[in-house]
Amino acid sequence: MLTKLILLYSFSQAGDAAHIQSLEKELSSKLENKEIYSINANESKMKIIKELKDIVNRKESNIKFQKETKYLLLTAGEKGGEALEAISDELLDNNYYIYWGMHQYSAKIKDYKKLKLDHLQIPEASLNNIEKIESVKDIPNVSKTITVPNINPTIKELQNSYDKWNYNKQFDLKKNYITVLLPGDAPDSNNKIHFFSKESAYNLFRNVQNIWKKSNSKKTVIVQNGPRTGKYDPKTGAVICLHEYKTGESRKNAVDKVSEYFVSLLNKNKIPFVFFNFSFEINGKQRIKHSSFDPILFLSYKTKSIFIFPGESVSLIGQLPFYLNPENVIAFYSSSMNEEHKLTLEAAYKNGYLSKFNAKGEIEYPEKPTKLLMDDTTKVANDILRGYNRKFRN
């Protein structure tokens, strides 16, 4: 049997892209005969349908597969759900296995029959009432996870990224640091944007300052923002920063106002810091991502440093405890968090995977610290394979 693995996701949504690409990597090693295709969920309905039909109509070179081809379609996030809704009438036969992964609950889940959904992934904490629990119980396969599938490099891969990093000479692997990942603006399940405000940035600064003072003012603070940090104007909701700059221009053009404010507080209070701005370099039609996240993660892992991260990042809730000890992974409740983010974070805390700041800025450590040994990607990929084989190999 030939599997045409179709990846339908928003190319511009970093979390959704990591979700689908992590599953692609895991499934590719386990599917014996496969072809892999990608479709951008941001495209128009007509273009998505055309690309899907082109994949279906493409003849297999090996004649034995021409009557034994099945389609494993993976999609993720709200954009993926919208695209799936748009093409559902085109999925006319039973040769598809449709997977939809989510980082929070969506009302579209109730339309799983219309979407021809075979498999849903959702953080278990998001199913927080009877109505939501009932809405998923008849979906053929449901993967209830801690967070979401994500690309989790091996330690060797992280070290390679650190060794190639232009800035590694600035750091000493025998010292400790305070790493801070700045929050980003984030939508809730109704697509209402919650903003990472300057007030929230100030609260984060005060928490960092307290930790720095307790270290006898000796640690350097490493700051990395993300693609959603300061993206929107909180007053109008308009997009004001895409973290983009053109080749040849200054990278400072890609820095958002909230990040600038946060590092200005460090500077004003004479706290030593290094700031790395997430950015996209625009070179013609190319959009080249520049991020120091992987080398910074290796640095934190190697030096057993504190890593402060935003609770609105569901993927990080599941990723960081995979590498770092629970007492060193500290979640910050930012203004951009919605209720489902909080539920997922609280579940991870109760499981002992991480620590968190309370409302007073004090660190609360888990009662029973527990190292996360298996990530959601492996679990979900195994669940997909079981469901896929059950549908087509019986």
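User: How many bridges pair β7 with β15, and in which sense?
Analyst: In this predicted model, strand β7 pairs with strand β15 (residues 306–310) in the parallel sense, over three bridges.

User: What about β10, how many bridges pair it with β7?
Analyst: There are five bridges between β7 and β10 (residues 220–224), and this pairing is parallel.

User: Tyr177 is aromatic; which cluster do ring pairs link it into?
Analyst: Ring pairs link Tyr177 with Tyr162, Trp165, Tyr167, Phe171, Phe276, Phe298 and Tyr301 into a cluster. As for the structure as a whole, 18 aromatic pairs are found in it.

User: Can you give me an example, say how the rings of Tyr9 and Phe11 sit?
Analyst: The ring centres of Tyr9 and Phe11 are 4.9 Å apart and the planes are at 45°, so this pair is tilted. Tyr9 has 7% relative accessibility and therefore counts as buried, whereas Phe11, at 43%, counts as partly exposed.

User: And Trp165 with Tyr167, what kind of pair is that?
Analyst: That pair is edge-to-face, because the planes of Trp165 and Tyr167 are at 70°, with the ring centres 5.9 Å apart. Trp165 counts as buried at 9% relative accessibility, while Tyr167 counts as partly exposed at 33%.

User: Switching to charges over rings, what lies over the face of Phe280?
Analyst: Arg287 lies over the face of Phe280, at 3.7 Å from the ring centre. There is also Lys356, which lies over the face of Tyr349 at 4.3 Å from the ring centre.

User: Which residue is the bridge partner of Phe280 in β14?
Analyst: In β14, Phe280 has Lys289 as its bridge partner. The strands involved are β13 and β14 (residues 286–290), which run antiparallel and are joined by five bridges. They form a hairpin with two residues between the strands, and Gly284 in the turn has a positive phi of about 65°.

User: What else does β13 pair with?
Analyst: Strand β13 (residues 279–283) is also joined to strand β11 (residues 244–246), by three bridges, and these two run parallel. Within that pairing, Tyr245 has Glu281 in β13 as its bridge partner.

User: New topic, helix α2: what span should its 13 residues have?
Analyst: At 1.5 Å a residue, the 13 residues of α2 (residues 45–57) should span 18 Å, and the end C-alpha atoms are 18 Å apart, which agrees.

User: Which residues of α2 are buried, and why are they on the same side?
Analyst: The buried residues of α2 are Ile48, Ile49, Leu52 and Ile55. They cover an arc of only 120° around the axis, so they fall on the same side of the helix. In general, an α-helix has 3.6 residues a turn, so residues three or four places apart point the same way. On the other side of α2, the exposed residues are Met46, Lys50 and Asn57.

User: What covers the buried ones?
Analyst: What covers the buried residues of α2 includes the strands β1 (2–9), β2 (34–40), β3 (69–76) and β4 (96–101), together with helix α3 (77–87).

Technical notes. Residues are numbered from 1 along each chain as its sequence is written. This is a predicted model: local features need pLDDT of at least 70, side-chain atom pairs count only at pLDDT 80 or more; totals for chains, interfaces and linings use all residues. Side-chain values use heavy atoms; hydrogens and water are left out. Rings of Phe, Tyr and Trp (its six-membered ring) pair if their centres lie within 6.5 Å; planes under 30 degrees apart count as stacked, over 60 as edge-to-face and the rest as tilted. Buried means under 20% relative accessible area, exposed over 50%, partly exposed in between (1.4 Å probe, protein chains only). A charge sits over a ring if NZ of Lys or CZ of Arg is within 6 Å of the ring centre and within 35 degrees of the ring normal. Helices (H or I, at least four residues) and strands (E, at least two) are DSSP runs, numbered from the N terminus. The expected span of a helix is 1.5 Å times one less than its number of residues. The arc is that of the directions from the helix axis to the C-beta atoms. Contact means heavy atoms within 4.5 Å. Two strands pair if DSSP finds at least two bridges between them.
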